[in-house]
Every structure is written in C-alpha cells, then in structure tokens.
2 protein chains.
Amino acid sequence: MASKKASAKQTASTKPSKPVHEPYPASSPEVEVLVQEVISRVADTWTMLVLEALVEHGRLRFTELGRHIPGISQKMLTKTVRQMESDGLVERTVYPVIPPRVEYEITNLGYTLSEAFCGVWIWAEKNHKKVEAARAAFKSRVV
Amino acid sequence: MASKKASAKQTASTKPSKPVHEPYPASSPEVEVLVQEVISRVADTWTMLVLEALVEHGRLRFTELGRHIPGISQKMLTKTVRQMESDGLVERTVYPVIPPRVEYEITNLGYTLSEAFCGVWIWAEKNHKKVEAARAAFKSRVV
DNA sequence: TTCTATACTTACCCAAAGGTGAGCGATATG
DNA sequence: CATATCGCTCACCTTTGGGTAAGTATAGAA
C-alpha cells in the first residue's frame, strides 16, 4: 500500500503538500493480482489469530490451539489451519497414535508474515481511539 | 501480531531457537477486541484498494475513484467509502451542484494506515512465490 | 422536448462464510 | 462392557458479501 506503483502524476498531484511515499518499485499487473490474492487470504481474521497464537505459544495441539483463539469453531479452525499449511505458513505434524495427536508450528514464512503484520497491529493499537472518535463524530453529523 | 502480548512462558517456550520478538507491551483484552475489530474492517479488500487508489492519485471524484479500482461495483464503492469516512480514513466533500460532484481524499489517519500496510504488501511481493510453491508442494503431497 | 451526466439508493438474487450438532475410529480406562 | 479421548468430517442451516439492474433528481445541451 501507500504508493505501490510509481506514478508520474504524483508530481502534479492535487495534493502536493502531502509527503510522497515511494518505498519500492512498481510491479507488473500480474504480480499485483497475485499479491492481492495472497493478502486477501492472509489478512483473514482467523489466519491472523492463528498466526498470533502460534507465535505466542509455540508448537500446539489442535484443541490447545483452539483454546487460544476465543470464538473459533472446530470447523473454521480446521479450515484455516489447513489453508495455512497449504500456504506454507504452518507445519502440521501427525502422530499416528490413538487418540490422535496433531501438532502445529509456525514456519519461517509464517513468522515473517507475523512480523509484517506487526505494523498494522501497532497502528490499530495507536489509533483505535481516533477511529472510535471519528465514528462518533460521523454518527452525530449524519443523524 | 508477532507476540503482541507479553508472555512469561516465552522464556521456557517449546521453541527457544526462534527469536522472541516483543516490540510492544501487552494490552488489555478489551483493547485487543477493539483492535481486532478495527483490523478486520480495515483489512477488507476494498478498503485496502480504495486507500491505495487515493494515496496514489490524490483527491478523486466518485466515478474516477471507481475507475482506479478494477472490478468494484457502485454499490461496494459507496459502501466502502462511507465506512472509511465514518472511520476517519477519508474525507468526503460534496459540492451541491447539478449534476452532483463529490470528492474523496485520504486523511492523515488513512495515510498512516496505508503506511502500516506497506509491510504486508512488501511481504506479499517478496513471498508470493514461496506461497505458490508451498501450495504446489502441498497439493502433490496430499493427492 | 428529450437526452445526458453524476452520485448515489433500492430491490432482488446468488454464492460464500460460518455456526451447530452428529458421527467416527480404536484404544485405554473404569 | 461402556465410556472418554482427539482430531477431525459431514450435513444442514442462517447470515453476510456482493453482483445486477433499475430508479432518482435536476440542470444544461442538443
């Protein structure tokens, strides 16, 4: 985000006062589509929460993991964790014992993603009061 | 993300080899709920794309904005942009002329959010190939 | 007079997200 | 012999997301 594409128009922009922020070069449209797809999958609420739980608590069994994510159902936990495994964000280890034992652990890739999300968490912690204030103001303005 | 809460257990963690990453202090559960709520709203695909379009192109009219977001419908553009206005991410200016003229501009708050998301965009650009590779490997492993 | 332009809103519809509850399989424990 | 255990899967249902198409208001152009 924040000026992903280089745009010559920026120079003659309608808002020259705002700092132009150009941290990395433009990418091709195909890459951009892939990037969007990855983000929309990864920015999913459950994915973020599973990631967080695993970063915080390390290797966890299925039901343990679930207990660290208040409100998640078995169905969604299974689905999320499978998807994350398929995306290379977690590693799933099955012990062929009875009753079954399955453990989940974050991968390096998953860890780097959780670091990348840090900025958004920090933003949200810093600014959620502003958001709430804006909502209150909007409400009274509109009604 | 990435170890949001301080946890004493980390020291005796199951994964002492992985770097413990503790960038900011623990927050109360209520704050955490709010933060999650804000993130889940803000991590929405359309919100991210509108934010990006406004950062890139500055102040835009409704239909102009829509043209910069391929695939969005009028309905979703209206909805997204209203929600962002209510959250204080964009400013909406109505000119009472006919035909109507409405302009949208990113706020400071919206701008800081787009900066926070930068990390995730960068991660996705850097790692989408790894994700694709992981998916391919998973597919062949499972089938 | 009729058509166009803009920024919507509304009604209707379909598909996906996600909850609930039941079942399963084999072993250990009472 | 019965029951609990764990990590699921499956069927069924409701809720939400989101698309499409039509309608609206009014000034100015043709």
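Two strands pair if DSSP finds at least two bridges between them. Helices (H or I, at least four residues) and strands (E, at least two) are DSSP runs, numbered from the N terminus. In chain A, a hairpin of five residues joins strand 2 to strand 3.

This is a predicted model: local features need pLDDT of at least 70, side-chain atom pairs count only at pLDDT 80 or more, and totals for chains, interfaces and linings use all residues. Residues are numbered from 1 along each chain as its sequence is written, chains are lettered from A and ligands numbered from 1 in the order in which they are written, and side-chain values use heavy atoms, with hydrogens and water left out.

**DNA strand D**

- The surroundings of DNA strand D comprise 19 residues, the closest being Gln74(A), Arg82(A), Arg92(A), Tyr104(A) and Lys75(B). A residue is near a strand if one of its heavy atoms lies within 4 Å of it.
- Of the atoms of DNA strand D that come within 4 Å of the protein, 67% belong to sugar and phosphate.
- Polar contacts (pairs of N or O atoms within 3.5 Å; within protein, one must be able to donate a hydrogen and the other to accept it, and residues adjacent in sequence count only if both atoms are side-chain atoms) are listed next.
- Tyr104(A) places a polar side-chain atom 2.5 Å from a phosphate oxygen of DNA strand D. Val102(A) uses a polar backbone atom, 3.4 Å from a phosphate oxygen.
- Two or more residues each come from helix 3 (62–67), helix 4 (74–86) and strand 3 (101–106) of chain A, and from helix 4 (74–86) of chain B.
- The surface near DNA strand D has eight nonpolar, five polar and six charged residues. Here Ala, Val, Leu, Ile, Met, Phe, Trp, Tyr, Cys and Pro count as nonpolar, Asp, Glu, Lys and Arg as charged, and the others, Gly among them, as polar.

**DNA strand C**

- Around DNA strand C there are 19 residues, of which Lys75(A), Gln74(B), Arg82(B), Arg92(B) and Tyr104(B) come nearest.
- Sugar and phosphate make up 66% of the DNA strand C atoms within 4 Å of the protein.
- The side chain of Ser73(A) has an N or O atom 2.9 Å from a phosphate oxygen of DNA strand C. A backbone N or O atom of Pro100(B) is 2.8 Å from a sugar or linking oxygen.
- By class, the surface near DNA strand C has nine nonpolar, four polar and six charged residues.

**Chain A elements**

- Strand 2 (residues 90–95) and strand 3 of chain A are antiparallel, with six bridges. Tyr95(A) has Arg101(A) as its bridge partner.
- Helix 4 of chain A has 13 residues; at 1.5 Å a residue it should span 18 Å, and its end C-alpha atoms are 18 Å apart, which agrees. The expected span is 1.5 Å times one less than the number of residues.
- Buried residues of this helix (under 20% relative accessible area, 1.4 Å probe, protein chains only; exposed is over 50%, partly exposed in between) include Leu77(A), Val81(A) and Met84(A).

**Chain B elements**

- Strand 3 of chain B is largely enclosed by the rest of the structure, because five of its six residues are buried.
- Strand 3 of chain B pairs antiparallel with strand 1 (residues 60–61) of chain B over two bridges, and with strand 2 (residues 90–95) of chain B over six bridges.
- Tyr104(B) stands opposite Leu60(B) and opposite Arg92(B).
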